[in-house]
Amino acid sequence: MSGSQTNRQLFRNAQSLIPGGVNSPVRAFQAVGGDPYFVVRGEGAYVYDAEGHKYIDLVQSYGAVIAGHAHPQITEAIQEAAALGTSFGAPTPGEISLAEEIVNRVTGVEQVRLVNSGTEATMSAIRLARGYTGRNRIIKFSGCYHGHADALLAAGGSGVATLGLSGSAGVPPSAVADTIVVPYNSVPEITQEDACVIVEPVAANMGLIAPLEGFLPQLRAACDAAGTLLIFDEVITGFRLAAGGASEWFGVTPDLACFGKVIGGGLPIGAFGGSEEIMRSLAPTGPVYQAGTLSGNPLATAAGCAALQLLDSRAYQQIYTSTERLGRGLEKVLNDAGLPATVPRVGSLLGLFLGDKSPTHYDEARTTDEKAYARFFHEMLTRGVAMAPGAYEALFIGLAHTEDLVDTIIDAAAESAASI
Ligand SMILES: *Cc1c(COP(=O)(O)O)cnc(C)c1O
């Protein structure tokens, strides 16, 4: 039990029971040093740690909690669902409701399969693409993160980038033998050997990198020419960048789209979808096996529906406006304080790159000043602003980050940069 233990005591206990004290590596603060804060409660834009500190949260469960922590409507939906039973092993009406919310919003998605995480979504979408095309090879872009399935861990972003790994031990060469890794923002050669190309339409796991003009449409055309499926990994961009995700934002429709984070309202979920013609290759109607004991879980579908209902066009406008305000403010105060920085942004997404020039691919992203980030991170934390403990994660703001809070973050950034 936590009782009145300090973050340090909790972290020691956690380390004795859980490898590295965490259930996802980036949370361990290895890249920034020090002990992680243990969250005991969240409300709106704030999280509260075990020592009673209050932080404006720019992590927001890596984008999953776009409506803010413990949003009353989402909490109520979960409580109502929980009282009716938590998992059945039989279909539930809630699965139809969430599928409908997704299909209605996203162009090209006629059917959707619900899973339990973004990793499951991308992993299953790849299997489906291979099964549907009868081809083995897949193409991914370096610095794009698609979860932790074997075939997709090659040159991943997020924690893989933060820890400086090229991939992972335990992934046999055979598992990545059919994975081709190419640089982001240039269209690779695509042949009839390739089952699919998977891409983050806005790269949000190597800092934030926007697709260059023409990149996504040209990728679409090159895939079409080779009969290769285009998969958009919209686990971050889906329902965040716009109601219809990056495909709406950029006007490019993929063959398959993967979702996670926002669609669960903070509960574990993922989804992938596409045309009925492709999706019916999945079991039980087709030969591509895919399953899950807890898939379409009634708490997750209830939370997801409640979250999506909050995201009307006014909500998106609000987040676009605060993103722009925060981005401009940060860029100005950091550079004024002599800390060279760019704050790339696309709609409701923003990142922080400590360097002179916005990167356009992974090798450039890796020139970010990780040491400066670590110092800036701790200065911000001391001033009550919690960013992700790694230089390659995006900054997440949502409906709970009011204009006043955005200005508070900018003030904290000015002071933090000045003290470095
Ligand atoms: C977070 C993320 C994933 C993995 O989702 P999990 O729910 O952590 O398994 C996949 N793709 C992208 C783009 C992500 O940001």
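I begin with a side-chain pair: S358 and T342 make a polar contact through their side chains, at 3.3 Å. A polar contact here is a pair of N or O atoms within 3.5 Å; within protein, one must be able to donate a hydrogen and the other to accept it, and residues adjacent in sequence count only if both atoms are side-chain atoms.

A word on the basis of these values. This is a predicted model, in which local features need pLDDT of at least 70, side-chain atom pairs count only at pLDDT 80 or more, and totals for chains, interfaces and linings use all residues. Residues are numbered from 1 along each chain as its sequence is written, and side-chain values use heavy atoms, with hydrogens and water left out.

To return to S358, this residue sits in the loop between β12 (349-350) and α12 (362-365). Helices (H or I, at least four residues) and strands (E, at least two) are DSSP runs, numbered from the N terminus. Beyond its neighbours within four places in sequence, S358 is in contact with T342, P344 and E364, where contact means heavy atoms within 4.5 Å.

I turn now to the domains. The chain is assigned domain 1 (7-66 + 312-419) and domain 2 (72-310), with bounds that come from an automatic or database domain assignment. Their C-alpha centres lie 24 Å apart. Across the boundary, 34 residues of domain 1 are in contact with 35 residues of domain 2.

The area buried between domain 1 and domain 2 is about 2800 Å², and carbon and sulfur atoms give 64% of it. Buried area is the accessible area (1.4 Å probe) that two parts lose on being put together, summed over both. On the domain 1 side, L349, Y362 and Y392 lose the most area to domain 2, together 22% of what that side buries.

Which polar pairs link the domains? Nine residue pairs are in polar contact between domain 1 and domain 2, both residues at pLDDT 80 or more. On the side of domain 1 that touches domain 2, α11 (313-336), β11 (345-346), β12 and α12 each supply at least two residues. The largest share, three residues, comes from α11.

Finally, G338 lies in the loop between α11 and β11. G338 counts as exposed because its relative accessibility is 59%.

Key: Buried means under 20% relative accessible area, exposed over 50%, partly exposed in between (1.4 Å probe, protein chains only).
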